[in-house]
Amino acid sequence: MNLTLRIWRQPGPDAGGSMVTYQVSDVSPDMSFLEVLDVLNERLIRAGEQPVAFDHDCREGICGSCAMVINGRPHGPEQTTTTCQLHLRSFRDGDVIDVEPWRARPFPVIKDLVVDRSAFDRIISSGGYITSPTGSAPEAHSILVPKPVADLAFENATCIGCGACVAACPNGSAMLFTAAKVAHLNSLPQGQPERESRVLSMVATMDAEGFGGCTNTGECAAACPKGIPLSSIANLNREYLHALRAGRA
Amino acid sequence: MAVRALWDSTIGKKTVMAVTGLMMVAFLFLHMLGNLKIFFGATDFNAYAAWLRTIGEPFLHFTWYLWIQRVVLAVALVLHIVSAWQLSRRDRRARPVKYAHGLRPQASFATHTMRWGGVIIAVFLIWHLLDLTVGAVNPNFVPGKPYQAVVADFQVWWINIVYIIGVVMVGLHINHGFWSAAQTLGVNRPVRDVAIRATGTTVALLITLGFLTVPIGVMTGLVH
């Protein structure tokens with residue numbers, strides 16, 4: 001396959017950037033998108049140019065590192081697929097592919113396609129945990145969790161914190177991310193003691209980081225590589241309003 | 001304390017928008033039903049308009065109920081617009097750099113119209129109040145005779161166009177807004193999602209079509 005990649009190049013956080021066009025020839029349809037960037041980077045390094053900086057780690061779709069917007073969609077055109085699991089067979093020979101970093105003010109570009117996602121870490125550290133010491137994995141039957149609750153918690157716990165929801169949202173909103181964490185922890189028995197303070201604190205941090213508000217357009221859930229549903233946001237709103245009524249603000 | 005926290009948070013401002021929006025939808029639904037009385041003729045319609053001023057009597061004085069409702073709706077409208085304005089400013093700040101390859105695969109047409117459509121509705125509302133409530137821009141306006149003012153209004157082609165555009169924008173606004181309000185208030189759940197979307201679309205359609213029957217009635221000569 002021969003492809004034309006138009007990649008956002010930006011030397012540093014405060015430097016200006018632009019889309020730069022690269023030709024990549026003779027690549028296999030079985031290669032992952034990151035492998036194409038590897039091939040391109042080897043060529044750039046040999047030519048003495050700066051390689052394209054991009055985040056990647058596990059390359060098996062579970063770490064959430066590989067953040068890039070491909071042809072206007074976070075993680076590219078395939079549903080519930082991270083960039084590392086996206087293969088060139090999803091494209092056609094001769095395609096022109098635009099590759100851009102996540103775009104959101106709370107996710108400033110560090111270099112090229114790498115953005116600083118520590119705003120997510122600060123949301124988590126403001127309440128995305130339970131404070132009781134958990135020790136080793138407890139006996140599964142010691143605290144009974146009904147199956148639908150366990151399913152709901154697990155569905156939301158699959159969030160890998162990649163930030164595709166923020167990248168997809170026209171408002172740069174972190175609602176789906178925050179909603180997944182709140183739904184995960186607030187639905188389980190272990191999360192109950194901090195149920196109200198958790199949601200109030202995490203939403204306050206989310207707002208303070210400068211993320212936009214939710215306008216219920218649904219772009220986040222469509223872009224989520226883990227398929228976190230839009231209903232999680234309704235759940236977050238419900239938990240938040242419940243906490244306000246409970247007088248924990 | 002909770003009220004302050006509500007107003008300061010994005011979810012809280014959306015909640016304000018949801019509640020005020022639903023209040024205005026309820027008003028529009030009743031307003032639309034009242035308008036349909038125009039098909040019973042001038043006497044019925046003008047008597048209905050006169051009755052609106054006597055609601056709550058003798059406990060309330062003449063037109064007091066109407067003024068209470070106007071104040072409540074005006075406050076709701078201002079809160080709705082201020083929240084939308086502040087949230088939109090925040091949303092735009094959160095996405096300072098646009099994508100070179102922009103795509104919004106999920107957003108429906110109605111979703112796209114929420115902001116500029118809302119501005120159009122606000123402008124339409126001002127004109128509509130000056131036209132048929134205050135009568136400042138309506139040469140045929142006589143207090144107590146709304147039937148005659150409406151019929152004279154919709155004889156004019158551009159007034160029909162302005163009115164139809166305004167009402168269609170309201171319908172689109174409700175189509176996204178109703179479901180969005182259910183989502184914001186946390187009422188929506190996966191099992192109710194289809195029903196809530198369908199209800200929102202039905203309410204939007206009923207309100208839009210109900211309001212449109214009046215200019216269509218005048219244009220076709222059914223109302224004269």
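Student: Which residue in S5(A) stands opposite A:Ile7?

Tutor: A:Val99 in S5(A) stands opposite A:Ile7. This is a predicted model, in which local features need pLDDT of at least 70 and side-chain atom pairs count only at pLDDT 80 or more, while totals for chains, interfaces and linings use all residues. Residues are numbered from 1 along each chain as its sequence is written, chains are lettered from A and ligands numbered from 1 in the order in which they are written, and side-chain values use heavy atoms, leaving out hydrogens and water.

The pairing belongs to strand S1 (residues 3-9) of chain A, which joins S5(A) in the parallel sense over four bridges. Helices (H or I, at least four residues) and strands (E, at least two) are DSSP runs numbered from the N terminus, and two strands pair if DSSP finds at least two bridges between them. S1(A) also runs antiparallel to S2(A), with seven bridges joining the two. In that pairing, A:Leu3 stands opposite A:Val24 in S2(A). Six of the seven residues of S1(A) are buried, where buried means under 20% relative accessible area, exposed over 50% and partly exposed in between (1.4 Å probe, protein chains only).

These strands sit in an open sheet of five, in the order S2-S1-S5-S3-S4 (chain A), with mixed pairing. Strand S2 (18-24) and strand S4 (73-74) of chain A are at the edges with a single partner strand each, so one side of each has no neighbour in the sheet.

S5(A) leads on to the other chain. The contact between the chains takes 46 residues from chain A and 40 residues from chain B, contact meaning heavy atoms within 4.5 Å. Between chain A and chain B, 27 residue pairs are in polar contact (both at pLDDT 80 or more). A polar contact is a pair of N or O atoms within 3.5 Å; within protein, one must be able to donate a hydrogen and the other to accept it, and residues adjacent in sequence count only if both atoms are side-chain atoms. Strand S5 (96-100) of chain A is among the elements that give two or more residues to the side of chain A that touches chain B, and others include helix H4 (164-168) and helix H8 (231-245) of chain A. With nine residues, H8(A) gives the most to that side of chain A.

A:Thr217 counts as buried because its relative accessibility is 12%. Neighbours within four places in sequence aside, A:Thr217 is in contact with A:Pro170, B:Arg104, B:Gln106, B:Ala107 and B:Thr111.

A:Asn41, in helix H1 (residues 33-46) of chain A, counts as buried as well, because its relative accessibility is 9%. Neighbours within four places in sequence aside, A:Asn41 is in contact with A:Pro51, A:Val52 and A:Phe54.
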